[in-house]
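Let's take a look around this protein together. Have the sequence and the 3D view open as you read.

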Amino acid sequence: MKTGERDWEAIVDLIERVLADDDLLPAVVAAVRSHVEESATLPVSDITGHTRVLLTAAGRAVAGRRAPTEAELTVVEQLAVNRSRQGIPIDVVLGSVRISERAIWARTRELAQAAGIGPDSLLDARELYDDWADAVRTRLIRAHRDAPRTHDAWDRDAESMRRLLEGGSVAALTAAERGFAAGAGLWVLVPRPGDTVSTAAVRRLTDGSGAGLAAAVGDTLVAVVPGPPVFRPGGTKPVVGIAGPVAAEELGVAHRLAVAAVPAAEATGLSGAVHIGDVAPAAALISRPDLAEALALRHRTAHLELGAAAEAVARTVSAWLEADRDTAAVARILFVHENTVRNRVQRFATVTGIDPYRTFGAISAWWLCQAWTADS
């Protein structure tokens with residue numbers, strides 16, 4: 001007899017309690033290390049991470065009454081490749097999985113009895129798990145067999161970051177593998193490329209604490225941390241783009257936003273740690289060079305009419321808008337007379353037809369001035 005919806009809710013709750021059991025994971029890891037000789041040479045954190053990802057993937061599949069997704073199997077493949085690189089035979093990998101299964105289901109039966117869940121419902125869950133496990137074992141064997149046999153240097157952090165930034169189920173399982181709490185919001189930090197000061201600031205948030213992950217993506221360091229990043233006041237304030245908090249599945253999007261926050265912060269004169277939410281309009285404008293080009297083309301005649309004065313006018317109008325139209329402040333910054341600032345703003349408005357005193361006129365004016373100065 002198949003389990004009804006209400007009874008299945010009890011099963012899902014049971015699965016969540018098993019996965020949340022603080023004693024289960026250490027017990028499983030200890031059993032693997034004591035019964036599988038080859039595993040004793042691996043770091044505890046490595047075994048813990050891979051055990052956690054398999055537990056999480058199995059729990060998600062059984063709770064959803066489904067087979068493993070291709071994304072989940074991709075993560076399983078990486079587990080097999082990692083073990084191959086470490087010289088761990090496939091029978092040892094499968095033996096570790098079997099030990100984990102026995103511990104998991106022993107705990108599940110214990111909790112099911114206390115929760116009043118009948119044997120039929122538990123059998124339905126076990127059948128689903130067995131179907132999941134068969135698919136996982138097949139993929140483990142194939143990936144381990146096909147993995148390169150050269151045990152070259154392998155950067156686990158870089159591989160984990162790649163999977164986190166892929167987003168979706170792959171990121172969720174990788175977050176579990178790296179020990180990020182399920183359901184916790186994650187933050188992405190990106191320094192300015194090539195800025196050693198900002199890179200060092202991001203690195204300090206993860207080094208030694210074990211709370212976050214930092215790895216190079218191309219030529220830029222990227223960090224993922226489980227709490228709001230805090231920078232100590234004082235000293236140099238490097239530009240660091242921040243996005244979050246987001247679920248692990250959304251880390252790919254958050255990374256793109258954090259990257260966009262860096263030039264947006266620089267364009268608006270901000271420094272230090274800058275959240276994308278604080279520079280969203282500027283980031284949106286900067287990320288659309290096609291529209292900026294269309295805007296500049298629309299006002300090409302105005303640019304030609306201004307001639308050699310175009311750059312000075314553009315920088316003045318841009319500074320004036322960023323200073324909330326404070327003419328006196330801009331005059332001091334640019335070392336010119338206040339009337340010069342007024343005249344340049346008026347000249348810009350006349351030749352372009354853009355009214356910088358109106359909301360959308362100010363946006364267009366600032367964007368056009370950025371395009372003009374970028375080309376100078």
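Is tryptophan 320 buried or exposed? In this predicted model, tryptophan 320 is buried, with a relative accessible area of 2%.

## Around tryptophan 320

The structure holds 4 aromatic pairs. One of them joins tryptophan 105 and tyrosine 129, edge-to-face, with 5.5 Å from centre to centre and 70 degrees between the planes. Tryptophan 105 belongs to helix α5 and tyrosine 129 to helix α6, so this pair links distant parts of the chain, 24 residues apart. Tryptophan 105 is buried at 8% relative accessible area, and tyrosine 129 is buried at 6%.

Back to tryptophan 320: its ring and that of tyrosine 357 have centres 5.2 Å apart and planes at 75 degrees, so this pair is edge-to-face. Tryptophan 320 lies in helix α14 and tyrosine 357 in the loop between α16 and α17, so the pair ties together parts that are 37 residues apart in sequence. Tyrosine 357 is exposed, with a relative accessible area of 58%.

## A strand with two neighbours

Now find strand β4, residues 240–246. Of its 7 residues, 5 are buried, so β4 is largely enclosed by the rest of the structure. Strand β1 runs antiparallel to β4, joined by 5 bridges, while β5 runs parallel to β4, joined by 3.

Isoleucine 242 is a handy landmark in β4: it is the bridge partner of leucine 189, and it stands opposite histidine 275 in β5. Together, β4, helix α10 and β5 make a left-handed β-α-β unit.

Conventions: Residues numbered from 1 in each chain as written. Predicted model: local features only at pLDDT ≥ 70, side-chain atom pairs only at ≥ 80, totals over all residues. Heavy atoms only, no water. Buried < 20%, exposed > 50% of the residue type's maximum accessible area, 1.4 Å probe, protein only. Helix = DSSP H or I, 4+ residues; strand = E, 2+ residues; numbered from the N terminus. Pairing = 2+ DSSP bridges. Right-handed = clockwise from strand over helix to strand, strands pointing away. Phe/Tyr/Trp six-rings, centres within 6.5 Å; stacked < 30°, edge-to-face > 60°.
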